[in-house]
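Please read them beside the coordinates.

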Amino acid sequence: MSEPSSRYDLVVIGAGPAGLVAAAGAAGLGARVALVERHKMGGDCLNYGCVPSKALLRAARAAAAVREAPSFGVRVEGARVDFPAVMERLRRVRDGIAVHDSPERFRGLGVEVFLGEASFANATSVAVPGKTLEFRKALIATGARAAPLPIPGLSETGFLTNESVFSLESLPARLAVIGAGPVGCELAQAFARLGAQVVLLEALPRILPREHEEAARRVRAALERDGVTILAGAKIERVSSREASGKREKTISLEQEGSRREIVADEVLAGVGRATRAASTWTTSSGRRTGGSSRRATSARPSSSRTRPTPWRGSRSRTRSSRAGSA
Ligand SMILES: Cc1cc2nc3c(=O)[nH]c(=O)nc-3n(C[C@H](O)[C@H](O)[C@H](O)COP(=O)(O)OP(=O)(O)OC[C@H]3O[C@@H](n4cnc5c(N)ncnc54)[C@H](O)[C@@H]3O)c2cc1C
């Protein structure tokens, strides 16, 4: 970890896509930039989101192509999904991309990278373990994580989220996915194509409730072709678990269109509900809290700072920073 500069034009908290782009962009414009990451560079996108999910979908597409091959007159004998190999490839893909988000690469772009938990020490400085980073501007780009779902029994029973599903070592034979938004739909399709029996549960009357109806209808048809059972308008009442044939299985009790149903699964994946990672005590210059429903990167300004925007190439930056001077 490098020693902090005297004062940064910008301190970025969080090295997910938002923080990385902001840090690289500001450094490229000549600002003196610090980037703080407490967990893994690349954030959710690289580690628990876009990259592993697309790697899984790619393998799932290959499996689907093999399954459909006979209808094209192509015989594929003895094909089977080797799930550990699928996950091994996922990790290789992720590792290959990780170099682009690494501390080394960002240091090469002129960003000072600090690994550790950031918190605001006061209105003009951020504390990271053992260091204090003074700033003119700070950017909170701490993203979101899976929020706890208020479903009785779910936490006690245990469930997968985007942070754990890509670490599975064996394919669950039966998977229940809660939430038919983009994440729930894509993971339901991936696991179904890889051979799991998948039930997709959505509380609202249709899947992809934020998307155009026609698009959602087509996705539904595609999921059903892949063997996903879709229960829309499903109100989950509770989740419980029990021992059956030496294995622990989970039961989701729900109500759908006035009838009660039970879905039995080996794993339950929560594909819905995100909560901001910004600490509820972080406030912006206007005194607003950054917590609550906000999921976007938030610019925090110390209350003493002026609201007039100061370009990075401004004279103050130039006199303080050699990088700024060369920009
Ligand atoms: C399964 C899945 C699939 C997805 N697929 C896609 C896709 O195909 N395309 C797409 O565009 N989007 C996709 N997304 C969404 C995408 O992952 C997010 O939109 C993106 O990661 C948000 O970026 P971010 O930088 O705002 O936050 P994040 O990626 O969450 O990064 C925030 C970073 O801040 C760090 N942090 C938090 N608090 C602190 C602190 N106090 N100090 C220091 N560091 C801290 C965290 O450790 C994290 O690394 C997907 C998401 C999921 C879950």
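1. The axes are lines fitted to C-alpha atoms, for helices over the stretch in contact, and angles run from 0 to 180 degrees between N-to-C directions. Helices (H or I, at least four residues) and strands (E, at least two) are DSSP runs numbered from the N terminus.

2. This is a predicted model, in which local features need pLDDT of at least 70 and side-chain atom pairs count only at pLDDT 80 or more, while totals for chains, interfaces and linings use all residues. Residues are numbered from 1 along each chain as its sequence is written.

3. α3 (50–68) and helix α4 (residues 83–98) pack at an angle of about 135°, with their axes 9 Å apart, and α3 and α4 are therefore oblique to each other. α3 passes α4 in a right-handed crossing; a crossing is left-handed if the near helix is turned anticlockwise from the far one by less than a right angle, and right-handed if clockwise. On the α3 side, Val51, Pro52, Ala55, Leu56 and Ala59 meet Val86, Arg89, Leu90, Val93, Arg94 and Ile97 of α4, where contact requires C-beta atoms, placed from the backbone, to lie within 7 Å. By class, the contact of α3 with α4 has nine nonpolar, no polar and two charged residues; here Ala, Val, Leu, Ile, Met, Phe, Trp, Tyr, Cys and Pro count as nonpolar, Asp, Glu, Lys and Arg as charged, and the others, Gly among them, as polar.

4. α3 also packs with helix α7 (residues 182–193), at an angle of about 40° and with the axes 8 Å apart, and α3 and α7 are therefore oblique to each other. The crossing of α3 and α7 is left-handed. Ser53, Leu56, Leu57, Ala60, Ala63 and Ala64 of α3 make this contact with Glu186, Leu187, Gln189, Ala190 and Arg193 of α7, and by class the contact of α3 with α7 has seven nonpolar, two polar and two charged residues. Leu56 of α3 is listed in the contact with α4 and in the contact with α7.

5. An open sheet of four strands has the order β10-β9-β8-β14, with parallel pairing, where two strands pair if DSSP finds at least two bridges between them. β10 (229–232) and β14 (267–270) stand at the edges with a single partner strand each, so one side of each is left without a neighbour in the sheet. The twist averages 20° from one strand to the next. Strand β8 (residues 174–178) pairs with β14 over four bridges, and isoleucine 178 has alanine 270 as its bridge partner in β14. Helix α7 lies across β8, β9 (197–202) and β14, running at about 165° to β9.

6. A three-stranded open sheet has the order β11-β12-β13, with antiparallel pairing. Its edge strands, β11 (234–244) and β13 (259–265), each pair on one side only. β11 and strand β12 (residues 247–256) pair over 10 bridges, and the bridge partner of alanine 244 in β12 is lysine 247.

7. Which residues are closest to the ligand? Among the 29 residues that surround the ligand, the closest are Gly14, Gly16, Gly43, Gly49 and Gly143, a residue being near a molecule if its C-beta atom, placed from the backbone, lies within 6 Å of it. α1 (17–28), β2 (33–37), α2 (43–48) and α3 each supply at least two residues of this shell, which by class has 12 nonpolar, 10 polar and seven charged residues.

Conventions. Parallel < 35°, antiparallel > 145°, perpendicular 65-115°, else oblique. Contact = placed C-beta atoms within 7 Å.
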